[in-house]
Amino acid sequence: MAKHDISRRSVLSSTALFGTWFALEPIAKAEAHVYSREQPWTEEHEDPPHGASPGPYQFFTADEAAFVDAAVARMIPNDDLGPGAKEAGVTTFLDRQLVGPYGRAQTWYMQGPWEKGEKTQGYQYRLTPAQLYRTAIKAIDDHCRETFGGKAFRDLSIDQQDDLLQKIDKEDMKLQNISGMSFMTFFMRNVVEGFFSDPIYGGNRDMVGWKMIGFPGAHYDYRDYVSKHNQDLKIKPVGLKGRPDWKP
Amino acid sequence: MASRMQPVDVVIVGFGLTSAILAHELTEAGLRVVALERGGWRDTSTEFNISYAQDELRYYWRRELFQEPARETITFRNKMSETALPMRHLGSFLPATGVGGATIHWNGQTWRFLPTDFVAHSHNTQRYGAKVIPDGMTIQDWGVTYDDLEPHYDKFEYLYGISGKAGNLKGQIQEGGNPFEGPRQREYPNPPMEMTYGPTLFGKAAKEIGYRPFTAPSANMPRAYTNPLGVRMGPCTYCGFCEKYACANYSKSSPQTTINPVLMQKENFELRTDSEVLKVNLDSSGKRATGVTYVDTSGEEYEQPAEIVAICAFAYHNARLMLLSGIGKPYDPQSGQGAVGKNYAYQIVSSVNVFFDKDQIFNPFVGAGALGVIVDEFNGDNFDHSGLGFIGGGYLACWNTNGRPIETHPVPKDTPKWGAKWKRAVADSYQHTISLATHGAVMSHRDNYLDLDPTYRDVHGRPLMRLTFDFKDNEHKMSDYLTDRATDIAKAMKPREVHEKKREGSYSIVPYQTTHNTGGAIMGSDPKTSAVNRYLQSWDVSNVFVVGSSAFPQNPGYNPTGTVGALAYWSVDAIVKKYLKNPGPLV
């Protein structure tokens, strides 16, 4: 994530103003930020979130997107409770996540040596989330084509799809590079993220996830409600970018 | 070749909770102080802006507020017979980086330890006999008492504006407070928080059983507050984005909201961020520190000479720096010799989900990090342990911290992991479920320890900290007992369904539990069995002080921050009143 630091010019000028008894040369060369006798503050310094950019898929191929559409629809289906993961845009959410720093495992420790490890030692695969998805989707679709006469996962019946995902989770169908249960846990976690995160990230379209459970979203002041015990508060949800009927 | 900076009186490693306290007190005493923080500057109006602070995905799930394992992580194993492997992404605990450290994203649950916690070894042996401490359990007395720390607890609580009701005022038990706490000299600076529905029901049920529940002591402000330094905080808005998130309201106590506005203005204080201390430098005798070596983001190295070095880097980072710098004798679990790295401990937690029908509406999103009701009957040695097979305990809580849906969507036992039934269970349970928590002590054991990993390295090429740790019999028995007691209260709430979730099996680095890492540079009365003395001064290098939860010889059943703050004040008080007058070993 890009961080905006206060301008170097303002740092150096303040050091010059109050004397340099704290530091010898070559402080001017330092990439450290030195703060003395002030709380740094720059007008219009901000660090807003980077939401999903609009447009076509940036990570998934058409085949992969079709798989993901079908798979997320099994994880959180469309039903009488309301829209499911597919309608909520979870495929778009995943796409933007996987093409970005998360997909690249940017903040993870990805140095070797690599060993299998115990379950208690956590994720020890060489795969980044992007590689994980790419590998798993291919493995599952390849398996489907072999087993179901050339059909991809998206072409199977809903029952067949549900059945296969269960098999993967129980390790009855083996994925090559990762345990099936690990992939399904990972996948469901990402699907839940996509269903319930702020709509700026591409999922939870029209706040359907929040509306399903009654979560008000990006509200930040509930003081009026603390004493309202056991009451249905009926708070309209709002996202970081507001909501359609909200005119600032 | 490192560039040499102008010498200062004190160089502090890190700029989190303990650093800010030390820097403030030492600059008040007239010393020139430099703090070196490897992360960046962070402040409320800029980094924790009210327009976007409430972003569940970004700050917790994409880990933006926390230390990046890519630069540095730990390696972990349960047993010495295993190979420790890197914690490749964060899970069990959330170490921070940047100004303010982990106090940016803590929840504000602020406690004092019990008087008996400080003498856990002698107290338990006295009451239950020496055999109550099993072979391999290495708990020790702290070398300080609750009475020693009382004025410093008080000072920290007033600095941080802690809200609560005194339970023991100068020996008199008070209604509405914790009846088990050690005596305090005066009331909390702020009254208890106004309570939401779930914890209120919990409190009612607990009372019916005969317990004495009370509102949790909290660093979320119940009202506007001006602390003794003149720094102002705002009232908490119960936003439900507290723990794991930064506060945009100036209502969660942290260095930013309690000390930094005053400290940063001082002419004898300087902060350098993006400056990572690689090691503490020692003179040729190895008994005196000359300062530290640090590196900036371009890789340039600097030497900062100082008369005093304060290592305030957080928990296990403290032990690591000591080991990398050759301060003290590294702990060897085979022989039991040495003290640096010894007695690492943590917390053992469990939960009970309590499901109600739709006529009970909890609005979980109306929450705050330390908003809750506590039952403390089973903490420490507050109860008779005879015949139970364990020592120590923990509190039972009904916390109402959040309803953030990615994290908090409870479902009944045996609900499928996804699909239509899962979706229905989430929709039906979200508004009608509360969760009880147990927060248990972890005793120290011979083979739970920290040392330097032989294989894996950080971005600078330094060996990572290796953690060898598991819960032992004592912890499991105790935690199961606490969970059963929580279930008793859950049942008394007359719900539709209770789902008890005991802590099972070995400790795993994967699911989040707490960021209550302790030990590794423990305090004590004996230089053979502790790394620092009762003033948190290194036994081996007398101008080095090591401040943090690293000092805990074992971890009691309360959140550590209150005691970390008290120890910081206690230690810096000794530096100012004793060490400066007569530099050298204080003990």
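## Exercises on chain B

In this predicted model, chain B holds twelve helices and 22 strands, where helices (H or I, at least four residues) and strands (E, at least two) are DSSP runs numbered from the N terminus. Residues are numbered from 1 along each chain as its sequence is written, and chains are lettered from A in the order in which they are written. Local features need pLDDT of at least 70 and side-chain atom pairs count only at pLDDT 80 or more, whereas totals for chains, interfaces and linings use all residues.

**Exercise 1.** Work out which strands pair with β15(B), and in which sense.

*Solution.* Begin with the rule that two strands pair if DSSP finds at least two bridges between them. Strand β18 of chain B, residues 433-440, is joined to β15(B) by eight bridges and runs antiparallel to it; within this pairing, B:V354 lies opposite B:I434. Turn next to strand β21 of chain B, residues 497-501, which pairs with β15(B) over five bridges, again in the antiparallel sense, and here B:V352 faces B:E500.

**Exercise 2.** Decide whether β15(B) is enclosed or open.

*Solution.* First recall that a residue is buried if 20 or more other C-beta atoms, placed from the backbone, lie within 10 Å of its own. In β15(B), residues 348-355, seven of the eight residues are buried, so the strand is largely enclosed by the rest of the structure. For chain B as a whole, 63% of the 587 residues count as buried.

**Exercise 3.** State the dimensions of chain B.

*Solution.* Take the C-alpha trace along its principal axes, where chain B spans about 70 × 55 × 50 Å.

Methods. A residue is buried if 20 or more other C-beta atoms lie within 10 Å of its own, exposed if 12 or fewer, and partly exposed in between; C-beta atoms are placed from the backbone.
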